[in-house]
Amino acid sequence: MARADLFRAFAGRINTPQNIKRMLNQRAKNLSPSPTMAMDGKAKKLLSQGVDVVNLSVGEPDQDTPDTAKSGALQAIAANFTKYTASAGIAELREAIAQKLSRENHVEYAADEIVVSNGAKQSLFNTFMVLLDPGDEVVIQAPYWVSYPEMVKIAGGTPVIVATDARSGFELEPEALEGAVTAKTKALVLSNPSNPTGIVYGREKLLALAEIAARHDLTIVSDEIYERLTYDGAEAVSMAALGPDVRERTVTVNGFSKAFAMTGWRLGYTASNRQLAKAMSELQGHSTSGPSSVTQKAGLAALLGSQESVASMREQFDERRRYAISRVSSIPGLELEVEPKGAFYVFPKVGALFGKSIAGRTISGSEDLSMALLEEARVAVVPGSAFGSPDHIRISYAASMKHLREGFDRIERALAPLAQPA
Ligand SMILES: Cc1ncc(COP(=O)(O)O)c(C=O)c1O
């Protein structure tokens, strides 16, 4: 057989669903796609087809990246700052991050304890990759941010989900943590302020959790990416600031996506003890070689420049938060059990709608409801099942007031018939 024919024959054999499945390893087969990205993708696709969708699914600020960051990037390009950098990030940025942590978070780090990555997602990924051996358990409270359990699984660990509910204000109770710890437990992950519930942990509760972590020698992965978005006087306390022992066992994760509206630039970081930082830097050296040189300069300029845009974004979000709370509280079928004090989401309970129908479709769970809202009301939200909390939906208020008003009007109209007695 001629070589070209042979290759064609092989290609035909490879390109079958069974073969493709065989090609994938167990890790790939265990993966679940990111439901928030999937919903955002669906909404964006409909928008590109000219369908008028209000997208309240997305976890990104609608504001523009601050001019300080843009100028930093433009200057970097003009100065040909376009080569590989140190894999853990450029020294000036790591130093500026260490100073930020000292100034704002009251915890001291040296620049070589900071590792800069392609978004906080990669920072979390690096953390689990250097922490976990096969079978190591990681305690994650539900409702959780969608990617924590997946990342733990990819890194070979076992996520141990501890449910929380409105009775504890969606906070992980110390007794619940204690009850979940086994001889295999290696780490605890906290999202504070929380995506998706918007809760902000107080110092006392953090101390109680840290004390248990110390007793069982756990590493605390403290995802603080929403720390600058808190409201009503709530203060985001950094776990690592609680004391020298806690600092040693904590990996603080943060990034530029939310506070500086830089989601597409991909810039995040960890602050940790030096051994972990070294391991993550080495890991990164073999995976991405570090974040983009231009993005790093943009982040440096954002950190060193005026923080006015962060303050004004926070104020806008607070106004939208109050609006979202008032709308959610008045739409029959949605129940806001806990008022959010941080991040930019409301997380109402929707269980009262289960068993009812929208436009002839029976709503048997938060996924059906989200799909019905997208297809019938043209509003994208994320089903709570994505966060391990199937009786809720997540609505992002990181959208303009115009979009928020329209989105809530649509939800209200779609749900109104369900509120009528049968
Ligand atoms: C809780 C939480 N952690 C981490 C991230 C990842 O952020 P980044 O864009 O920096 O990768 C997000 C983004 O949605 C988030 O909500």
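Helix α15 spans residues 366-377, and its buried residues are S366, L369, S370, A372, L373, L374 and A377; buried here means under 20% relative accessible area, exposed over 50%, and partly exposed in between (1.4 Å probe, protein chains only). Helices are DSSP runs of H or I with at least four residues, strands are runs of E with at least two, and both are numbered from the N terminus.

The model is a predicted one, in which local features need pLDDT of at least 70 and side-chain atom pairs count only at pLDDT 80 or more, while totals for chains, interfaces and linings use all residues. Residues are numbered from 1 along each chain as its sequence is written, and side-chain values use heavy atoms, with hydrogens and water left out.

Turning to the domains, the assignment for the protein chain gives domain 1 (26-55 + 309-414) and domain 2 (67-304), with bounds taken from an automatic or database domain assignment. The centres of the two domains, taken over C-alpha atoms, are separated by 26 Å. To the contact (heavy atoms within 4.5 Å), domain 1 brings 31 residues and domain 2 brings 30 residues.

The size of an interface is often given as the accessible area lost when the parts come together. Between domain 1 and domain 2 the buried area is about 2,600 Å², with carbon and sulfur atoms giving 63%; this area is what two parts lose in accessible area (1.4 Å probe) on being put together, summed over both. On the domain 1 side, V310, K341 and F387 lose the most area to domain 2, together 22% of what that side buries.

K341 also takes part in a salt bridge with D232, the closest N and O atoms being 2.9 Å apart. The rule, a side-chain nitrogen of Lys or Arg within 4 Å of a carboxyl oxygen of Asp or Glu, finds two salt bridges across the interface of domain 1 and domain 2.

Which elements give two or more residues to the side of domain 1 that touches domain 2? They are α3 (26-30), α4 (35-48) and α14. The largest share, six residues, comes from α14.

Helix α14 (residues 308-330) is also the place of S312. With a relative accessible area of 28%, S312 is partly exposed. S312 and R361 are 49 residues apart in sequence, and their C-alpha atoms are 42 Å apart in space.
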